[in-house]
Amino acid sequence: MGAEQSTPAEGQAPDSNTLTGPRALVVCGPSGVGKGTLIKRLMSGPDAAKLAFSVSHTTRKARDGEVDGIHYHFVSKEDFQEGIAAGRFLEHAEVHANLYGTSKQAVQDTLTSGKAAVLDVDVQGARQIRKAGVPALLVFVAPPSLEELERRLRGRGTETPVSMERRIQNARDEISSLNERGLFDYLLLNDDLEATAAELSRIAQRAIAGLPAEPGQVPDEVRFEEDGEEGAAAAGAAGGADSVLGIGGSGSTSNAAAAAAAGMQAAEALPTVGSGTISTVPKGAQQSSPAAAAHAQGSPVAQQRQQQSAPAQQQQPQQQELEQQQEQEQQLAGPSGAAAGGDVAAGLDAWRGKVALVTGASSGIGWAVCEALGRAGLRVVAVARRRERLQELQQLVLSAAVGMAPSDFLPVVCDVTKEAEVSALPKIIVKHWPDAGVDVLVNNAGLSRNDASLFDGNTASWVEMVSTNILGNAMATRMALQDMRRRNSWGHVINMVGLSGHRIPDAPAGGTFFAATKFAVRAITEGLRQEARANKVPLRVSGISPGLVETEFFTVRAFGDESAAKAVTSSMQCLQPSDVANAVLWCLSAPPYMEVNDIVIRPTQQMI
């Protein structure tokens, strides 16, 4: 999560992010990938009443079993071209020598009726829909490999050798469109029908609610690696002990299929696989590793330290460099001076080599906690949704600035609001460290929205806060407790409660609902402690309640409005993420007979 709010945020959510009505759900992918089956399941699922399938027009002949008006509107080429000339199509394209198109009026009528329109289009159509500015979530469904796609197409029994070759080439071209930045919002690798259908259903729920796309759901680059000795050798090199997989279990780029294909590679290994498999390449993966100083300078924590020291710009560069070095050395020693630092360091010795899982690790407090735990000698599992930011964190902690060994850091792309993904985390940890499990859980993921007033708040924002702040916390806690019980090895759960879990700082500005979720986290924290005592297990439970912390929390709260965020964080000298990370270390360093239940820290200038 990020900071607490103590003054009203002035920015309002941009129109594109507010709940003004359902969005269209646009499903795209090559022929034979399973789009039809996925859409059929979606339209017969629990949300069917809130969805309406937009039946496309086509000039191709109906296949056996296809019904006009249900599967397609089958029309003549002349009628179709007349519709194009009259501007009646939202999108249209020629595919395999046939014309396909979507009625503009039909989609608009569906959205106006309060339902999300479901569209099955090709890449050309997706481009036109994106260009038209229609409120939509665009999903690309890809096969795990071209070999598998060919196998599925052959199973139809309708393809000739010539048409098969054309379809495979078209599939290559369509999959390559994933490299068009901003075209698609989601990538689903359909190697597990059940998981992919479940993920498409989840995305459909966002479309129904009018929610925007989640960031980081499409990789920066997608490519094919051809068969051959060179490719096989490269694949072997990339698949070594230092390779780090993303999350497993649910269905999109955050599911097992996509993450295994994408892989988050440690050090500089490239994800290279054979036999026409689809491989995603992290941004910047083909570049040489930057210097350690560049890593440290680029981290959010380092940037915030630089902002903190901005008024002293008249100092000589050498003096600033010396002070930064001294600050790093002080952090290595502990959170509060030499004597206290020695006590903390001694207390942390018991945790060396243990596994700490941190949620919300891609920025702010979570990022700083990962750094601090790594320096303290723990193995760290960094959990977040944003793959690119996790890669940046990985580069930093493996650099000389932090000094972690590649084998001690495991970044995992995971959304804590998805039960299947959270439940899969212990399996991923065991795969990376067969003798290990979750010893420390830092529940840091959380968010707030500035359109959550009880008078006229956005229901979607309420749901988002409950899902992340409460359910995400509870599911991650349950996952860690079950893993600890399985190993009969009880550790420490640390929840980021925040001052909003103790009081309501800005109810007139819509802070009531966020505070309600943090009051819930505080109750969960104390309730877990009592449950642990009742079950007679040596689990330690702590809550940390920071006040105003300078992170991107307020930018997220204001839907990306930097000026609104700045209005809050510039009102006083805020806490820094490293301050909160030091509180985490202090909780862990307490002797075995001592449990730190709640730490409240706030800027000296913060009134409430």
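**Helix packing and loop residues in a predicted model**

The axes of helix H14 (residues 364–375) and helix H15 (residues 387–397) come within 11 Å of each other and cross at roughly 25 degrees. Here an axis is a line fitted to C-alpha atoms, for helices over the stretch in contact, and angles run from 0 to 180 degrees between N-to-C directions. Helices (H or I, at least four residues) and strands (E, at least two) are DSSP runs, numbered from the N terminus. The structure is a predicted model, in which local features need pLDDT of at least 70 and side-chain atom pairs count only at pLDDT 80 or more, while totals for chains, interfaces and linings use all residues. Residues are numbered from 1 along each chain as its sequence is written, and side-chain values use heavy atoms, with hydrogens and water left out.

H14 and H15 are therefore roughly parallel to each other; angles under 35 degrees count as roughly parallel, over 145 as roughly antiparallel, 65 to 115 as roughly perpendicular and the rest as oblique. Trp 367, Cys 370 and Glu 371 of H14 meet Arg 389, Glu 392, Leu 393 and Leu 396 of H15, where contact means heavy atoms within 4.5 Å. These residues divide into four nonpolar, no polar and three charged. In this scheme Ala, Val, Leu, Ile, Met, Phe, Trp, Tyr, Cys and Pro count as nonpolar, Asp, Glu, Lys and Arg as charged, and the others, Gly among them, as polar.

H15 is mostly covered, with eight of its 11 residues buried. Buried means under 20% relative accessible area, exposed over 50%, and partly exposed in between (1.4 Å probe, protein chains only). Among the buried residues of H15 are Arg 389, Leu 393 and Leu 396, which also take part in the contact with H14.

Two further helix pairs can be looked at in the same way. Helix H1 (residues 35–43) and helix H7 (residues 193–209) pack at an angle of about 55 degrees, with their axes 10 Å apart. That makes H1 oblique to H7, and their crossing is right-handed. H1 contributes Thr 37, Leu 38, Arg 41 and Leu 42 to the contact, and the residues from H7 include Leu 193, Ala 197 and Leu 200. By class, this contact has six nonpolar, three polar and two charged residues.

For helix H5 (residues 146–156) and helix H6 (residues 161–176), the axes come within 11 Å and cross at roughly 140 degrees. H5 is thus oblique to H6, and H5 passes H6 in a right-handed crossing. The residues in contact include Leu 149 and Leu 153 of H5 and Ile 168 and Ile 175 of H6. Seven nonpolar, no polar and four charged residues make up this contact.

Most residues other than glycine have a negative phi. Asn 488, however, has a positive phi near 50 degrees; Asn 488 lies in the loop between helix H18 (459–487) and strand E18 (492–496), and counts as exposed at 63% relative accessibility. Lys 536 also has a positive phi, of about 55 degrees. Lys 536 sits in the loop between helix H19 (512–534) and strand E19 (540–546) and is exposed, with a relative accessible area of 73%.

In the protein as a whole, there are 22 helices and 20 strands, and 54% of the 608 residues count as buried.

How values were computed:
A crossing is left-handed if the near helix is turned anticlockwise from the far one by less than a right angle, and right-handed if clockwise.
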